[in-house]
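Work through the exercises below with the sequence and the model open. Each task is followed by a solution in steps.

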Amino acid sequence: MLEFLQRLKFPLPQASTFAPKVDLLYDFIFYSSVFLFIPTIVAMIYFGWKYRTKPNDNREVPYIDGHHTFEWFISAFVGVIFFIIFVWGLIGFNELHNPPAGTYEIGVVGKQWMWEFNYSNGKTTRNELYLPKGIPVKLVMSSPDVLHSFYVVNFRVKQDVVPGMYTTLWFQADQLGEHDIFCAEYCGTAHSNMLAKAIVLEPEQFKAWLQGSDPNQLTQLEIGKKIFNTRNCVACHSVTGVQTQAGPTVKGLFNRKVNLSDGTQVVANEDYIRTSIINPATHVVKGFRPIMPAFQGLLSENDISAVIAYIKSLKE
Ligand code: HEC
Ligand SMILES: [Cu+2]
């Protein structure tokens, strides 16, 4: 029965350590209101019925001065209940505003109209907040445009996100799965679409996710392909096997034996490809003029590794 009432009042999962505590305080407020409401209404109806005017009733209404003892009692009683709620709320407020030491920090940017999450290792996600289960997390939030409000009902937490300052929020999620994130402050046309998901993973899973590749991030091979196209390597090197005057095709290059203009032969391993990119003059391919620009200092080591991964994938 109690559980049924519970579900009737809070049909939402209690997915953080705060949730049962917040719900308990609400329970107290709810039941003490019921406790005062029902006798008041019953007494009102009963007296209204008992002292109603009957036909041919010419009695005069007597003047009643009230009952001081009862009034003092009822005021004190309600006062005590209010005081309990105040102290209880204050304790909860303190807990919600003082994260324990060693929380895991995540940066949050709320903007028209999406949520962006920045993790310590440089990873960024949009509209998906990944969280470790059972570990206290602190969000450091800001906004580049207008007021927003970060609200996760299942965690029972809500905090304004304010332009020009950082606001913080902490909680400890303890239920695996997805939980809705809302913007709870009207912020313009698409305010109601400013939705995101909190995705709670087991700590090991979270770690693996954090270190693994971002679902929105390009793989190394895709990055390599992008560089190859945007840095105009394709202008001189075909990736389809077609040979041109401009430069040798890179299709099937990896591990191929390359004849150089000085008469020697080398195997095109990672190191050869790397040198060919940063300093092409080191070994010029037979039959080609040394017209390739040196990319030393223009591509980072990561870029070069990515390009090599891409060239490796272009098998014959
Ligand atoms: C202006 C034309 C041109 C551009 C642009 C160019 N290359 Fe080259 N590249 C050449 C030529 C010509 C050669 C062959 C002569 C030599 O080895 O220097 C070559 C050689 C190479 C080789 C050795 C190929 C083999 O068959 O042994 C690699 C690898 C290579 N380039 C990669 C790249 C990458 C990666 C880029 C873009 C970041 C690039 N090149 C941009 C013209 C170009
Ligand atoms: Cu908003």
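**Exercise 1: a helix**

Solution. Phe 18, Ala 19, Asp 23, Leu 25, Asp 27 and Ser 32 are buried in H2; buried means under 20% relative accessible area, exposed over 50%, and partly exposed in between (1.4 Å probe, protein chains only). The model is predicted: local features need pLDDT of at least 70, side-chain atom pairs count only at pLDDT 80 or more, and totals for chains, interfaces and linings use all residues. Residues are numbered from 1 along each chain as its sequence is written, chains are lettered from A and ligands numbered from 1 in the order in which they are written, and side-chain values use heavy atoms, leaving out hydrogens and water.

Next, the length. Helix H2 covers residues 18-50, and its 33 residues at 1.5 Å each should span 48 Å (1.5 Å times one less than the number of residues). The end C-alpha atoms are 48 Å apart, which agrees. Helices (H or I, at least four residues) and strands (E, at least two) are DSSP runs, numbered from the N terminus.

**Exercise 2: the copper site**

Solution. First, list the donors (N, O and S atoms within 2.8 Å of the metal, 3.2 Å for Na, K and Ca; water is not among the atoms, so sites may look incomplete). They are His 148 (ND1), Cys 183 (SG), Cys 187 (SG) and Met 194 (SD), at 2.0 to 2.5 Å. Their spacing along the chain is H-x34-C-x3-C-x6-M. Cys 183 lies in strand E9 (residues 177-183) and Met 194 in the loop between E9 and E10, 11 residues apart. Both Cys 183 and Met 194 are buried.

**Exercise 3: the iron site**

Solution. The protein donors are His 237 (NE2) and Met 292 (SD), 2.0 to 2.1 Å from the iron atom. The six donor atoms make angles of 88 to 178 degrees, and the site is octahedral (opposite donors over 155 degrees apart, all others between 65 and 115). His 237 counts as buried at 14% relative accessibility, whereas Met 292 is partly exposed at 30%.

Notes:
Tetrahedral: all angles 85-135°; square planar, octahedral: opposite > 155°, others 65-115°.
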